[in-house]
Amino acid sequence: MAAASEKMFLALLFIFFMARGIIIVDANFGKSMYLTWGTQHASIQGEDLQLVLDQTSGSAAQTKIPFLFGSIESKIKLVPNNSAGTVTAYYLSSTGSQHDEIDFEFLGNISGQPYIVHTNIYTQGNGSKEQQFYLWFDPTADFHNYTIHWNPTQVVWYIDSIPIRVFMNNEEEGIAYPNKQGMKVYTSLWNADDWATRGGLVKTNWTNAPFIARLNRFRARACKWNGPISINNCASNVPSNWWTSPIYKQLSYAQMGQLNWVRNNYMIYDYCKDTKRFNGQVPPECFKTQF
Ligand SMILES: *[C@@H]1O[C@H](CO)[C@@H](O)[C@H](O)[C@H]1NC(C)=O
């Protein structure tokens with residue numbers, strides 16, 4: 001009897017979440033992603049995704065479903081040795097002309113020289129919000145965790161639980177924020193030697209091919225996008241929408257300390273400081289505290 005009512009309770013709970021459109025997807029690569037490019041040499045197997053680039057093609061994968069808010073995380077071990085000219089991308093994106101996008105891109109380098117972590121965010125079709133960083137470790141030696149946390153008040157980029165960047169919701173000041181459309185998760189490895197390494201000066205050395213980036217333990221603890229109804233459902237302040245909890249509304253003091261440590265020691269480009277590029281008029285969010 002007890003077991004039966006427990007089952008009943010779980011079934012009701014499941015129906016409740018289904019009805020609200022809230023599905024916490026906690027699945028591995030094999031269950032939630034599929035290859036879209038370079039299928040002849042890339043591979044997905046359970047928790048592992050291997051992206052391959054050679055002179056015939058790069059490779060790419062994407063999730064089957066889009067999300068709105070939550071945490072998207074994966075462990076990544078980047079292309080080792082001479083990876084100059086290659087770019088490994090790991091990002092969220094919606095489709096259409098007014099698209100939203102939240103990016104991590106890893107720009108390769110010759111052996112022993114540092115990768116650049118390139119971040120950007122597009123809101124309603126508008127990008128041009130790049131920040132770039134060096135890393136405090138060798139990203140090719142081991143797997144490290146790269147997470148995009150995205151909720152109604154902020155987007156936070158984390159590397160091994162250290163926040164490296166925050167983009168706050170300043171919609172009240174007329175600054176667009178990605179909260180009205182679902183985004184799928186994409187990852188890819190391709191040749192970008194026209195710009196990636198030292199601005200395009202260093203070309204891909206194909207004698208080092210194939211280039212391989214490994215991803216592992218993909219997790220989307222996120223709200224499934226079910227169309228416009230999700231705009232409210234995924235943002236509503238209910239316990240199952242764990243990303244709306246007050247602790248995710250802003251960084252803790254300890255996290256602000258970490259963010260400042262990264263900015264002070266590893267940041268190499270900030271669009272907010274690039275006044276020349278914007279003719280002296282940096283975008284409005286640059287005048288708001290970003291954390
Ligand atoms: C590659 O190494 C050079 C020299 O250290 C550095 O200037 C550059 O920022 C590094 N990263 C990329 C992606 O170009």
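**Exercise 1.** Decide whether Trp150 is buried or exposed in this predicted model.

*Solution.* The relative accessibility of Trp150 comes to 1%. Since buried means under 20% relative accessible area, Trp150 counts as buried.

**Exercise 2.** Find how many aromatic pairs the whole structure holds, and work out which geometry the rings of Phe69 and Trp150 adopt.

*Solution.* Searching the whole structure gives 16 aromatic pairs. For Phe69 and Trp150, the ring centres are 5.4 Å apart and the planes stand at 65°, so this pair is edge-to-face. As for location, Phe69 belongs to strand 5 (residues 67-77) and Trp150 to strand 10 (residues 144-150), so their pairing ties together parts that are 81 residues apart in sequence.

**Exercise 3.** Classify the pair formed by the rings of Phe167 and Tyr177, and state which parts of the chain the pair ties together.

*Solution.* The two ring centres lie 6.2 Å apart, and because planes under 30 degrees apart count as stacked, the angle of 10° between Phe167 and Tyr177 makes the pair stacked. Phe167 sits in strand 12 (residues 162-168), while Tyr177 sits in the loop between strand 12 and strand 13 (184-191), so the pair ties together parts that are 10 residues apart in sequence. Both Phe167 and Tyr177 are buried.

**Exercise 4.** Identify which residues form one aromatic cluster, and where Arg165 lies relative to Trp157.

*Solution.* The cluster is made up of Tyr90, Phe104, Phe106 and Tyr146. Turning to the charged side chain, Arg165 is placed over the face of Trp157, 4.7 Å from the ring centre.

Note on methods: Residues numbered from 1 in each chain as written. Predicted model: local features only at pLDDT ≥ 70, side-chain atom pairs only at ≥ 80, totals over all residues. Heavy atoms only, no water. Phe/Tyr/Trp six-rings, centres within 6.5 Å; stacked < 30°, edge-to-face > 60°. Helix = DSSP H or I, 4+ residues; strand = E, 2+ residues; numbered from the N terminus. Buried < 20%, exposed > 50% of the residue type's maximum accessible area, 1.4 Å probe, protein only. Lys NZ or Arg CZ within 6 Å of the ring centre and 35° of its normal.
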